[in-house]
Amino acid sequence: MAEEPIIRLVNVSKNYDGTEALKDINLYIRKNEFLTLLGPSGCGKTTTLRIIAGFERPDSGAVFFEGKDITDLPPYKRKVNTVFQRYALFPHMNVAENIAFGLRIKKLDNKTIERKVAEVLELVNLKGFEKRSVESLSGGQQQRVAIARALVNEPEVLLLDEPLGALDLKLRKGMQIELKRIQKMLGITFVYVTHDQEEALTMSDTIVVMKDGTIQQIGTPEMIYNEPKNAFVADFIGESNIIPGRMLKDRLVYFAGHEFECVDSGFEHNEEVDVVIRPEDIKLVPMGEGMLQGEVESVTFKGVHYEMIVRSEGINWMIHSTLMEPVGSRIGLRILPQDIHIMKKVALK
Amino acid sequence: MRRTCYAYPYLVWMAIFIVVPLFLLLFYTFTVTTHEGIRLTLEHIKRIWEPLYLMVLLRSILLALICTVVCLLIGYPVALILSGKEYSQNKVLALLFVIPMWINFLVRTYAWMSLLGRNGLIDMVMEFLHLPSVQLLYTDHAVVLGMVYNFLPFMVLPIYSVLTKMDKSIIEAAQDLGADYITVLKRIIIPLSLPGVISGITMVFMPAVTTFIISRLLGGGQYILIGNLIEQQFIVVGDWHFGSAISFVLTVIILITMGIMRKYDKEYEGGAIW
């Protein structure tokens, strides 16, 4: 490791009333990266964030910040700031007072505070909103104020807990780009919590996929999407066909009643595996061509592509294609070896 | 809107028990009965400005203010503790606070009499410790104590309810921005709980300023507060006109107080309880 990571979680566990929210988490966050904690609700991503912020104390394990143990440091002494899911703006203060809150505690003089507030408001495109009451703002504007209030303190790390969850789709897309711009411009480490896989793929440098309080996979968006470590990750990141199969030997797998060539090796002879195939990787070919034959059961128009369910060998295959085959037509399916992903079996919930 | 017919019973109720008595109060306040019949007058109102009555009025307001301040000083920390993490899960402590309210307040006040009185519990302890006997009952202190004891829950509950409803993430946000507990309390919790404080103050001050039972029992027969004065005028003296005039002045004072309170509290919550 060339550089000391800015945050390190070592063997962190946390229980709530007997249920394990986090099980022995090990994670490091590099300086200036955009790291996303991704997973379904209840996977422990928010708990992880709250432990970094200091709102929760881990039952065991330790948190390090720039190499120093901060496990027992209260939140107000940590060099991180949080953007909350429901913004948590102070309702009895106007926009400028909200943003200045942290600066006033640091006892900066009024001139500096005024200048910094104006600067950060410009950064989040809310110039001239100083005197507005926070309750008169729209959701998107409140979100910007919340981000400004955290950023104005120039934190080393910004923690964001599903900050775009309450916004509509269009606004969310816009804010994603803007957040990424701010992160690049200020060179701050972002730790971002979301359950939206698309959001994670768009914004992150590193994605941490979590499930049931454990980390499933850590990697770049491309790695996570193209090389999911197990069927859960594959299923969570984008849609997938997950079919039970058996590894006959290296680069040969048996599933759906046929033997398929594949590119994976290193499994035991006859090991039970999960076969993951992305819906866009199954090609529709005329009847008789391709390994599998089936009948189109349903067609849904999705905008860019059609989503078709094709029944073949007792399995419903989800297929994404820009070409449409009508319901009831019999067609062939072709799957290329490099599009067949073999994974060790895990229990899917 | 045919539904409005459901409101009639309440309108009748309010007319008989609120509107009519208020008009009767106004009638007695501003009239006098002589041989020639009934005529309008301000003499009853003027009589209140006699030093004797004015002193009673001022003392009532002073004692009620002291009681309100003491209730606030005790009640706010109690509400804060009750709404805190440790107790919000189990409501036992909050319940303990409410249970005394289920007992008739006369009974509770009599209990204080036997605690404070000559040969009462406190007196006996003092005697046992060979300390000089102290006169507790029939003093200002006893009256304030009785009022604080009886009205404290009215201060605690509205503050408690505002504090428990407060969004915890706002407090976390303040801590996150570098505020220690004292700063969070000063800048966030107290300002945001003001509506509860204001309804608490109203709910304590009003019964305190009008009480006559507590002052009679704990202050003794010679102890006169404005409530006792009104009671006396109606029941002992039989001067309904002067009794009404004092009630009228008291009502005006309370209305003014409420008006001032309302100014400081845009989202008025306590008013509905009255």
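Tutor: In this predicted model, strand β17 (residues 306–312) of chain A and strand β18 (residues 315–321) of chain A run antiparallel and are joined by seven bridges.

Student: What makes β17(A) and β18(A) a pair?

Tutor: Strands, which are DSSP runs of E with at least two residues, numbered from the N terminus, pair if DSSP finds at least two bridges between them; seven bridges join β17(A) to β18(A), so the two strands pair. A:S312 stands opposite A:I315 in β18(A), and the two strands form a hairpin with two residues between them, where A:E313 in the turn has a positive phi of about 55 degrees.

Student: How are residues and chains labelled, and which residues count?

Tutor: Residues are numbered from 1 along each chain as its sequence is written, while chains are lettered from A and ligands numbered from 1 in the order in which they are written. Local features need pLDDT of at least 70 and side-chain atom pairs count only at pLDDT 80 or more, whereas totals for chains, interfaces and linings use all residues.

Student: Why is A:I215 called buried?

Tutor: A residue is buried if 20 or more other C-beta atoms, placed from the backbone, lie within 10 Å of its own, exposed if 12 or fewer, and partly exposed in between; A:I215 has 21 such neighbours and therefore counts as buried. A:I215 is in strand β10 (residues 214–219) of chain A.

Methods. Helix = DSSP H or I, 4+ residues; strand = E, 2+ residues; numbered from the N terminus.
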